[in-house]
Amino acid sequence: MHRAPRFFLTEAGLRTGPHSLAVLKQKAEIYALSPETSIAPESAPDEWTPISASHVLCEELFPTRRPFTLGSRPVETINMAGHADAAPSIEQMLRANLARQQAAEGELLKPLPPRSNRRRTDYLFTVAAAAGLSMVPWLFVPVTAGHIVLSLGATGFVALCGAWVFFVVMDRY
C-alpha cells in the first residue's frame, strides 16, 4: 500500500513532525511556513533542504496567485504617493466624515432607551403563584403536616427551577 509522503520541519529551531502534505498546506495558508523553511522527508530525516529546493512541493504549498487589480492597475500601486489619485490623508478623511455626519444630522436614528429588566419581578411572581397554587388543595381537604411539607417542597422546587431559568438560562440569550 502506497503511503503519502510525510515531512519533518524546523519550526522555531525545533524539529517537528512528521507532517502530512495536508498539514503543510494548512501551515502555509496561515503563513507558518515560508519557502525558506527547512524540511526533511520522513524516509531521510537527516537530509534537510529548504522547501524552495523542491519545485513540486513549493508549487503545491505556495501556488502562484493571480495578483489583485483595481481596474487595470495592481492593488499595490493604488495608494502610492506620486499618483494623481493617491489616498487622502487621515485629516482629509476625518473632515469628510464629520461633514457627512453634520449633513445627515436630522436623518440619523436616535439610540433606543434601555429596556427595563423585569426579571426579578417575574421570578418573584412565579414563586408566589407556585406557592398559592400549592395551597389550593387546602381548600378541599383538611390541612395536615404532610400537606404543609408537600406545599413547601413544591414551592421550593419551583423557586429553584425558576431561579435556574430566570437567572442562568435566560442570560445565555
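This is a predicted model: local features need pLDDT of at least 70, side-chain atom pairs count only at pLDDT 80 or more; totals for chains, interfaces and linings use all residues.
Four strands make an open sheet, in the order β2-β1-β3-β4. Their pairing is antiparallel.

Now find the edges. Select residues 14-20 for β2, then 49-50 for β4. These are the edge strands, and each pairs on one side only.

Which residue of β4 stands opposite Ser38? Pick out Pro50.

Next, select residues 21-29. This is helix α1, and it packs on the sheet. Look along α1 and then along β2.

Select residues 119-134 for α4 and residues 145-169 for α5. Their axes come within 9 Å and cross at roughly 160°. An angle over 145 degrees counts as roughly antiparallel, so α4 is roughly antiparallel to α5. The crossing of α4 and α5 is right-handed.

Finally, show the side chains where these helices meet. On α4, the contact residues include Arg119, Asp122, Tyr123, Val127 and Ala131. On α5, look for partners including Ser151, Thr155, Val158, Gly162 and Phe166. Colour the whole contact by residue type. How many of its residues are nonpolar, polar and charged? Ten are nonpolar, five are polar and three are charged.

Methods: Residues are numbered from 1 along each chain as its sequence is written. Side-chain values use heavy atoms; hydrogens and water are left out. Axes are lines fitted to C-alpha atoms, for helices over the stretch in contact, and angles run from 0 to 180 degrees between N-to-C directions. Helices (H or I, at least four residues) and strands (E, at least two) are DSSP runs, numbered from the N terminus. Angles under 35 degrees count as roughly parallel, over 145 as roughly antiparallel, 65 to 115 as roughly perpendicular and the rest as oblique. A crossing is left-handed if the near helix is turned anticlockwise from the far one by less than a right angle, and right-handed if clockwise. Contact means heavy atoms within 4.5 Å. Ala, Val, Leu, Ile, Met, Phe, Trp, Tyr, Cys and Pro count as nonpolar, Asp, Glu, Lys and Arg as charged, and the others, Gly among them, as polar. Two strands pair if DSSP finds at least two bridges between them.
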